[in-house]
There are 4 protein chains.
Amino acid sequence: MSKQLSVAVIGASGYVGGELTRLLLGHPNFEIKFATSESFAGKLISKVHPNLRGATDLKFSKISEVKKVDIVFACLPHGSLATKISEIEKLGDIIIDSSADFRFRDSADFAKWYEGSPAADASKWVYGLPEIHREEIKKSKRIAVPGCTATAAILALLPLVDVVEKSKIIFDLKVASSGSGNKPNLGSHHPERAGVLRSYKLSGHRHTGEVIQELGLPDVPGYSITSTPEVRGIVCHAHAFLNSDLTDKEIWKLFREKYSAEPFVRIVKEAAGIHALPEAKILSGTNFCDVGWELDGNSNRIVAVSALDNLGKGAAGASVQCANLVCGFEEKAGLEFLGLHPA
Amino acid sequence: MSKQLSVAVIGASGYVGGELTRLLLGHPNFEIKFATSESFAGKLISKVHPNLRGATDLKFSKISEVKKVDIVFACLPHGSLATKISEIEKLGDIIIDSSADFRFRDSADFAKWYEGSPAADASKWVYGLPEIHREEIKKSKRIAVPGCTATAAILALLPLVDVVEKSKIIFDLKVASSGSGNKPNLGSHHPERAGVLRSYKLSGHRHTGEVIQELGLPDVPGYSITSTPEVRGIVCHAHAFLNSDLTDKEIWKLFREKYSAEPFVRIVKEAAGIHALPEAKILSGTNFCDVGWELDGNSNRIVAVSALDNLGKGAAGASVQCANLVCGFEEKAGLEFLGLHPA
Amino acid sequence: MSKQLSVAVIGASGYVGGELTRLLLGHPNFEIKFATSESFAGKLISKVHPNLRGATDLKFSKISEVKKVDIVFACLPHGSLATKISEIEKLGDIIIDSSADFRFRDSADFAKWYEGSPAADASKWVYGLPEIHREEIKKSKRIAVPGCTATAAILALLPLVDVVEKSKIIFDLKVASSGSGNKPNLGSHHPERAGVLRSYKLSGHRHTGEVIQELGLPDVPGYSITSTPEVRGIVCHAHAFLNSDLTDKEIWKLFREKYSAEPFVRIVKEAAGIHALPEAKILSGTNFCDVGWELDGNSNRIVAVSALDNLGKGAAGASVQCANLVCGFEEKAGLEFLGLHPA
Amino acid sequence: MSKQLSVAVIGASGYVGGELTRLLLGHPNFEIKFATSESFAGKLISKVHPNLRGATDLKFSKISEVKKVDIVFACLPHGSLATKISEIEKLGDIIIDSSADFRFRDSADFAKWYEGSPAADASKWVYGLPEIHREEIKKSKRIAVPGCTATAAILALLPLVDVVEKSKIIFDLKVASSGSGNKPNLGSHHPERAGVLRSYKLSGHRHTGEVIQELGLPDVPGYSITSTPEVRGIVCHAHAFLNSDLTDKEIWKLFREKYSAEPFVRIVKEAAGIHALPEAKILSGTNFCDVGWELDGNSNRIVAVSALDNLGKGAAGASVQCANLVCGFEEKAGLEFLGLHPA
């Protein structure tokens, strides 16, 4: 099968850009024409992403060198795409963005959570979570891929949102180090970061705004992020109180209704065994979000659990999934990697 | 200073027993006369605990070989001490137990959380948490040391318990692998356990009962345990909703009132820096429980955080602290190790 | 493309069997008909290998239930296939074995390194290292896949074997935990294994025999294995003394001659950067063996380095590569995964 | 016991300085009067070393603020002390330095391994390895503490140096991340460093010069350093060829002769068990160097093994041990911590 569509990866030297490059190299329909990095322009992309050695001779270009392609994948830091959107729109008809710039339907919400960032007109954009917006995504040419922790939080609670106390939800998220990007700092210095469970952001995290928007929450939920010593992976525990007594069977029904047809959401809830609930480490490199839950027999509490790879379903994988939908390709194209066990 | 008091460690081959042995070897007032292990009897204790090489020639004995000592430290599996308490009481006037057998004031509570375990008369026993029961401990000769996660949960929330919605508290605990003991199984097999954030017990954990008892909770709180890839350390996030608006300054006051005089509870809440809130990894080997919190400016929510070494303040360190109080020694005797950084 | 050939994986519940199952599920030409496990027979294979959830409905069978297929992949413990080889030969014309049973051309060598194991007639078998035996593999129907550390050691030193002192070679190997299989024991218990650099086997390791055979060494080389805290990956440092002065350029020539045409051996030797020499962690899940070296400017010493995934090029990946050669398929078929960065 | 001697720690914000500060705070005879850091001057030392919270109110000073003390512990970067030695000598009669500046008896050797560094007159200095130079240390007031990997290499091979081929020794060292200091860079960025076994320096490492000097080697030995994913710890495998056949009993004799009376070198060589040979992880925070070996029954090769904490016996612990000797205190004073198990 020939690679029908040409693509550019804008901001390809970061971790999301690198993962996207890897996925696109293996994709049956997309051909990477440009992978940009202002600071590494002219260098082989495998100098930055050593896993790509031998797989491509592609070199980084500057954005100014990019010619018109079919699809632009943007992986720039938050606030960057918004300022150059008119320039980027000339480079491709379809834009898939993994930054926060166009995720909010209401610019007031954006302003609240991204104080100081440039305002952007997101009216043409669709929030790139196929589990909620698949049909809109298929018809759109502007996709704002969700934040990695937001995807984990939303997919954990989505089937339950109408049966729990909406104003008492607590998302307790455990997030690996690659979620903080590729810039060294004291907090990411190995002797300081190895082995920590660090209270990174216990309230006020920017992704909270997306979760409120997509789940339709009336208030700001608890949203606390603990940094873990792993490199990839998010595990979300969504603690909530049921509005009425529900049996495990009824909860199963809610999850099945929501996710049975989803290609990348798996319900993981087994009666026994060490892998009975979602875990992130077997998901590295995949586009899966595994979900499960436990009812507390001693109270009206439920804990929903989700796990995903922050660079996979949390960013680059989701970008490819959305691109597949926009272009009418098989939704799983290029996303078949199953993950490793043990890992 | 001579080592005035003789002690026996019953169940010294486990991780708690080993840590207790290490602490007692360095204690100025206690001299270990016996360290028991039915399966390793006759072998050097350093064969099981290699860190003790060269520090002692002590060999494991069987319980039947133990002669009368001043203090018995019991580190047997839950349910074991209760069945042989009359035998053990003959071996020492003072008994410090790190199992669950005597932690509950009400045997009905014990029965609820430890279904199937032998009932025990705990009427002479004091719950060994000095931060709540110091004066009782000083006067007692029977101390039931708290469960490791219970200590983390109680100390995180103790200053706040009267200002939050008591029926909506969520404890989200992150617990390292040594908390599950020294018996290999598939879940502890390195390729399966390394790198996981595993939903180990999302509800119904036995320590919940202790937390209800000590904090005086009206209902069963959320109490969810995630296994981490570390060997030592517990981090607890206690999510709660304030009954009324409180400022950060008022919360400071509550924590200071409770903990300023405590030798092993440190308030860790800094305005900046990577170690701004409690972390477990710098506490390995210590008896500290560090506590902190964050108020969510967007809601009435507070997250209290605690961190400790499950084998330290969570078990063996707490046992020594209690023994110091019972015997009238300096409360910090033998517990001066400050922990490592980096680690 | 239809999946033309039917295969059985004998011993599919172990780590090598699981990885092989994963690779075969994604292979364009092979269709798994049977995956055996005597103890898990009747259960979904995803119960043991959770990464395969949703990817297959295959259940484990017993060996006695296996019907004739085109290819048998054997992943049994050492000594097992040899005792049932006549039975297994009836199940498939082609047998690819990842155990040690048929790796030695001379049964005396086998007896020396595998004392007590059943003798086996290996006369029809080819050592499954394409980098040495590609043409023989293509013509054979019996392939004995190399030991994981042997592949690392051989490929590190192969270009240099004729220019170094053959009797003074030291292989210092660093090996991750999955190399020891899926059976829990005290040494694999997470609190004991996490974070170790443990001298696992400093001499006498069984794979030494294969290395002697394939490199044609006159003596037993140094062959020391250190267990690392990782789950996958082998790094081999081969220390050797050059027979005569050679420049770096001459060494480059030796490596290029040997490996330029190899699809899975990459020369990794960069002048700068943090990934200048082979590393295992970016190779997890791949079939690559990266090789490099450094000349010591202060002596006549050279250190050759190799890295691979012990379950990939070290076992399951190598099995698929050999099967591709035997069947005349594209050598890289089913082995296109590039590995993750960061990871 | 009163703290008789006043000390200053010059360069106390680094990892060695922090560990030294921790050790000195717990030392019965030394009292820290000054702990310097030019960049953190005026801040609590616990802001940088969070393990010291509550243990001291000491703040960092600038060097220019230091008043005369009994002992100066210098922990400056290599090349720094040499340039200000006349200034520092005014601050204390006794100087214990953990940098490389005064380790070489012959300035030509220093020039060879530290090209470009300022020359220094080391004639008054003693190499601070008590296992070789105890009596000289006792009589000296200038101690140059060895490099961390040099201590591991020297102590592993010292008992064997006269029975092996001196020109064919290979030191294969595995070194944790804190050995590279506290400055973040791409190589120390957690996503890049976590989980690696990275060929950091396969030849030409500066510590090689010390090892040649102290072991009296005729040539430059193999000296290769692999970075490990741990934070503390060095494991050294010294591969060597015996000049003549020696039995294990004879090797035991050599090690016992050398180390039986040593307070911090333990021979670890057990017939069975998972901790049969030296491991670093149980040594974190201690001043031990554990040593062992294995004879290869199939050749004339021996592998000696050593393990230590690079910040302990490899730097700060060794500094305190030397200071104890210089001052006539108990050699183990302040160094009693036994290390943790499990850890």
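**How the chains meet**

Mentor: Let us begin with one pair of chains in this predicted model. In it, 41 residues of chain B are in contact with 41 residues of chain A.

Trainee: Which elements give two or more residues to the side of chain B that touches chain A?

Mentor: On chain B, they are the strands β8 (170-175), β9 (198-201), β10 (222-227), β11 (234-241) and β14 (301-308), together with the helix α7 (190-193).

Trainee: And how do the residues on that side of chain B divide?

Mentor: The side of chain B that touches chain A has 15 nonpolar, 14 polar and 12 charged residues.

Trainee: Now the symmetry. What rotation superposes chain B on chain A?

Mentor: A rotation of 180° does so, with 0.0 Å of shift along its axis and an RMSD of 0.0 Å. That is the relation of a two-fold axis. Both copies use the same surface, as 100% of the contact residues of chain B recur in chain A.

Trainee: Through what surface do the copies, chain D and chain A, meet?

Mentor: They meet through the same surface, because 100% of the interface residues of chain D are also interface residues in chain A.

Trainee: Changing topic to confidence, what is the mean pLDDT of chain A?

Mentor: The mean for chain A is 97, and 99% of its residues reach 70 or more. The model as such scores ipTM 0.97 and pTM 0.98.

Definitions and conventions. Residues numbered from 1 in each chain as written. Chains lettered and ligands numbered in written order. Predicted model: local features only at pLDDT ≥ 70, side-chain atom pairs only at ≥ 80, totals over all residues. Contact = placed C-beta atoms within 7 Å. Helix = DSSP H or I, 4+ residues; strand = E, 2+ residues; numbered from the N terminus. Nonpolar A, V, L, I, M, F, W, Y, C, P; charged D, E, K, R; others polar. Least-squares fit on C-alpha atoms with pLDDT ≥ 70 in both. pLDDT = per-residue confidence, 0-100.
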